[in-house]
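Biologist: I'm new to this one, so could you pick one covered stretch and take me through it closely, then show me how some other pieces pack together?

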Amino acid sequence: MSMNVAQKLICDHLVSGEMNPGDEIGLRIDQTLTQDATGTMVMLELEAMDLVRAQTDVSVQYVDHNLLQADARNPDDHLFLRSAAQRFGLWYSKPGNGVSHPTHQQRFGRPGATMAGSDSHTCAAGAIGMLSIGVGGLEVAMAIAGEPLYLRMPEIWGVRLTGELPAWVSAKDVILEMLRRHGVKGGVGRIIEYHGPGLAGLSAMDRHVIANMGAELGATTSVFPSDDAVRTFLRGEGREEDWTEILADEDATYDVEDEIELSTLVPLIAKPSSPGNVVPVSEVAGEPVSQVVLGSSANPGLRDFAIVAEIVRDHQSEAELSFDVNPSSRQILEDLTKGGWLFDLIKAGARIHQSGCMGCIGMGQAPATGRNSLRTMPRNFPGRSGTREDAVWLCSPETLAAAALTGKITDPRELPDLLDIDYPKLQLPDSSSVNTAMLESPLPEDEAQRVELVKGPNISGLPELDELPDHIEAPVGLKVGDNVSTDEILPAGARVLPYRSNIEKISEFTFAQVDEEYAERVAALKDGTGHLVVGGENYGQGSSREHAVIAPRYLGLRVVIAKSFARIHWQNLANFGILALEFTEAGDYDDVEQGDTLALDGVRDAVAQGDRMQAKNERSGKTYELRHRLSPRQVAMVLAGGQIPLLRDA
């Protein structure tokens, strides 16, 4: 049977289930990726599981998110992560070495391998022919322990690329075009596979840009073939021996199809405050800009920094504008220096920050109140930047450079006339400045067993998770609308993320972006009835952070009822024993008011014996028909109160 690339990767790693869209499948996982904002919880979960040694081919713990050291919390947790990596047999990437996704692609990515990562942008590794999926931390912990990764078999969405990108248009505009067409829910339940003659003009790092932001479409992951472009990339990283050709069969078919003629694309930009709010740059030209931020896993390659350096060479950024640059890795920083591009950026007024996620996760570079910030980043959810009333726009490096020089949103195609700047013809080096000095390899097993975990005062254990009750009669602690993100459920940023290993403290920030009184209001119900949350479409989109489940669970959340759920958050709810239910009649959502008490009877039998149950609204007297989409495996987890109590009682 002929197969496309995604089907080949799944077939090669399938350990349970059938490859029928919608059916649950289990996959063998070769590699894992954790970063410090989520990895602390993963390491605590490994400790709770009494893991002796990682069972994967490669597992890497990166420190790239929480790099600001305003007090002892972040450096304390870095020491904990290093000790945990040593104890459990993981690689450790030291603070400042680089953003996890491009660094992993450079140093560990291998065509044909599977990877589970506790970061939603893990899908970026699909750029080199990997099946790389972002999931919750607990699922990564299970994968490290040698357990399969379970998911619903996605549809395969084939996107055929033709033609070549015109001047002033780059890979970021390709994924923004996908978001313009399909929005933040367009990829739900799908793997996006890019194919066609247009691939010839896209490097492996260009493909990384596109694959990375498949997460913003809600896709399970994105996949590219492993072809000559991937071979060239690995050769430049000194790892050509890791290359394997993986191409779709000539007569391969797809469940869903789309096509993009690259030559017709124009510079695009996502307006505040959603990656799906995409328009042509020309449509919003003239909007004043007070900050631009270059970097992140969504535009991490040498090319993305060098093109900006070439555009701004011998010019000065607008006087009132902050021109911020986050190099994506030390390796990229070395190459920028060797090529002279770092000096071009500095001369143009750029502020050079350390290699890491930084502004992307709200860890520095917060914009001024009420001022526009243009960023080459993947997300612009409300408040994610660290400024509550932020106005963040997502764009390509070319569009960012144009704004840096003009102080306003400017179509970069206007630069030849405005500033006599022609589109640069880049000459990139054939080989990267490979730098492994800040990567620590796993210890031998006998030595690893003697390592003690270093736990600072901010590290606490996981909360106790009791089993799902049979009768739930509790108030709706919060009602929210469509596309509520995990950034809104549990914020990122320098104020919150340092508490990621302290569930009691971080729970105080739950839903603070939406309702500052939520945590205090529901905490009073924690030891009594608990509470429910009601949401609209695509509830829990965005980051994979399981803190957005653990924190509200700590505050007594037992059930979320929504019109629909984002994939990773839905799975995380089950992992920690929160029952995710959907309205069978979407209009019932409108009948529910915050503060209503909902009663669900015979919950355990209803969950175990079928997929339907009812909830009665004591205020209106109306009964809602609800359903769950849990597999038998997930049902067992929810009934037990989560994956950890299920394992403990096994």
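Modeller: Let's begin with helix 19, residues 547-554, which is mostly covered: 7 of its 8 residues are buried. Buried here means under 20% relative accessible area, using a 1.4 Å probe and protein chains only, and a helix is a DSSP run of H or I with at least four residues, numbered from the N terminus. The buried ones are His547, Ala548, Val549, Ile550, Ala551, Pro552 and Arg553. After helix 19 comes Gly556, with a positive phi near 100 degrees.

A word on what you're looking at: it's a predicted model, so local features need pLDDT of at least 70 and side-chain atom pairs count only at pLDDT 80 or more, while totals for chains, interfaces and linings use all residues. Residues are numbered from 1 along each chain as its sequence is written, and side-chain values use heavy atoms, leaving out hydrogens and water.

Now for helix 7, residues 204-212, which packs against helix 4, residues 100-107, at an angle of about 140 degrees with the axes 12 Å apart. Axes are lines fitted to C-alpha atoms over the stretch in contact, and angles run from 0 to 180 degrees between N-to-C directions. So helix 4 is oblique to helix 7, oblique being whatever is left once under 35 degrees is called roughly parallel, over 145 roughly antiparallel and 65 to 115 roughly perpendicular. His101, Pro102 and Gln105 of helix 4 touch Ala204, Met205 and His208 of helix 7, where contact means heavy atoms within 4.5 Å. That set splits into 3 nonpolar, 3 polar and no charged residues; Ala, Val, Leu, Ile, Met, Phe, Trp, Tyr, Cys and Pro count as nonpolar, Asp, Glu, Lys and Arg as charged, and the others, Gly among them, as polar.

Helix 7 has another partner in helix 6, residues 171-182: their axes come within 8 Å and cross at roughly 25 degrees, so helix 6 is roughly parallel to helix 7. Here Ala171, Lys172, Val174 and Ile175 of helix 6 meet Asp206, Val209 and Ile210 of helix 7. This contact has 5 nonpolar, no polar and 2 charged residues.

Last, the cysteines: searching the whole structure turns up 0 disulfides, a disulfide being a pair of cysteine sulfur atoms within 2.5 Å. For Cys357, the nearest cysteine sulfur belongs to Cys360, 6.1 Å away. Cys357 is buried, at 7% relative accessible area. Cys395 isn't in a disulfide either, with the sulfur of Cys360 the nearest at 13 Å, and Cys395 is buried at 0%.

Definitions and conventions. Helix = DSSP H or I, 4+ residues; strand = E, 2+ residues; numbered from the N terminus. Buried < 20%, exposed > 50% of the residue type's maximum accessible area, 1.4 Å probe, protein only.
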